[in-house]
Amino acid sequence: MRIIVASDNKSTRDAIGMLVRVQPDLELAGEADDLAELLAQIKATDSSLVVFDWDTLGHRIDTLMDLPELFQGPPAIVVLSVKEGARAAALSAGIPNFALKREPPERLLATIRESNKSRPSKSVGPSSGLRS
C-alpha cells in the first residue's frame with residue numbers, strides 16, 4: 001500500500017514516514033506540507049492512502065473534498081489529530097478513518113490497514129470522488 005503523509009509539521013511527517021518505512025506491506029510514496037503539494041502528490045504517485053494531519057490542514061479539507069475531478073480513483077484518507085473532537089468533524093466531512101496522535105503507533109497502523117480494506121475500487125472520470 002502506497003501512502004502519502006500530509007502535515008505542515010515536519011516532525012509529524014518524519015515520525016509517520018519512519019513508521020511506514022519499516023512496515024513490509026506499506027510504502028511511503030510521498031510527503032506534503034500543504035494542500036497544493038498534497039494534490040500534486042496524489043496525482044503523481046497513484047497512492048492508495050493519505051494520512052492527513054487534521055490539526056494543521058483540516059481547515060482545507062473542504063477544498064480537497066470538492067476536487068474529485070482531479071483523481072482517477074481517490075485515495076482513502078486517515079485523519080490524524082491530537083483532539084478527539086476532530087473525529088466528529090472528520091466524520092461530517094465524509095472521512096470515517098481517524099487516529100489520535102497520542103495513541104500507540106500500532107493503532108495508527110491498524111487504522112491505515114483497515115481503511116484500505118474499505119477503500120472503494122478505482123473508477124475513471126469525474127464521478128469518482130473522495131466522498132465515496
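## The two sides of helix 6

Let's start with the residues that helix 6 hides: L108, L109, T111, I112 and S115 are buried. They cover an arc of only 160° around the axis, which puts them on the same side of helix 6. On the other side of the helix, E106 and K117 are exposed.

## Length of the helix

Keep in mind that this is a predicted model, so a check of the geometry is welcome. With 13 residues at 1.5 Å a residue, helix 6 should span 18 Å, and this agrees with the 19 Å between its end C-alpha atoms.

## A look at P105

P105 belongs to helix 6, which runs over residues 105-117. Is P105 buried, exposed or partly exposed? Its relative accessible area is 44%, so P105 counts as partly exposed.

P105 also pairs up in space with a residue from another part of the chain: I16 is 89 residues away in sequence, yet the two C-alpha atoms are 8.7 Å apart.

## How confident is the prediction?

For the protein chain, the mean pLDDT is 82, and 80% of the residues reach 70 or more. Residues 120-132 are another matter: pLDDT stays under 50 there, and the model has 28 contacts beyond four places in sequence for this stretch.

Methods. Residues are numbered from 1 along each chain as its sequence is written. This is a predicted model: local features need pLDDT of at least 70, side-chain atom pairs count only at pLDDT 80 or more; totals for chains, interfaces and linings use all residues. Side-chain values use heavy atoms; hydrogens and water are left out. Helices (H or I, at least four residues) and strands (E, at least two) are DSSP runs, numbered from the N terminus. Buried means under 20% relative accessible area, exposed over 50%, partly exposed in between (1.4 Å probe, protein chains only). pLDDT is the predictor's confidence in each residue, from 0 to 100. Contact means heavy atoms within 4.5 Å. The expected span of a helix is 1.5 Å times one less than its number of residues. The arc is that of the directions from the helix axis to the C-beta atoms.
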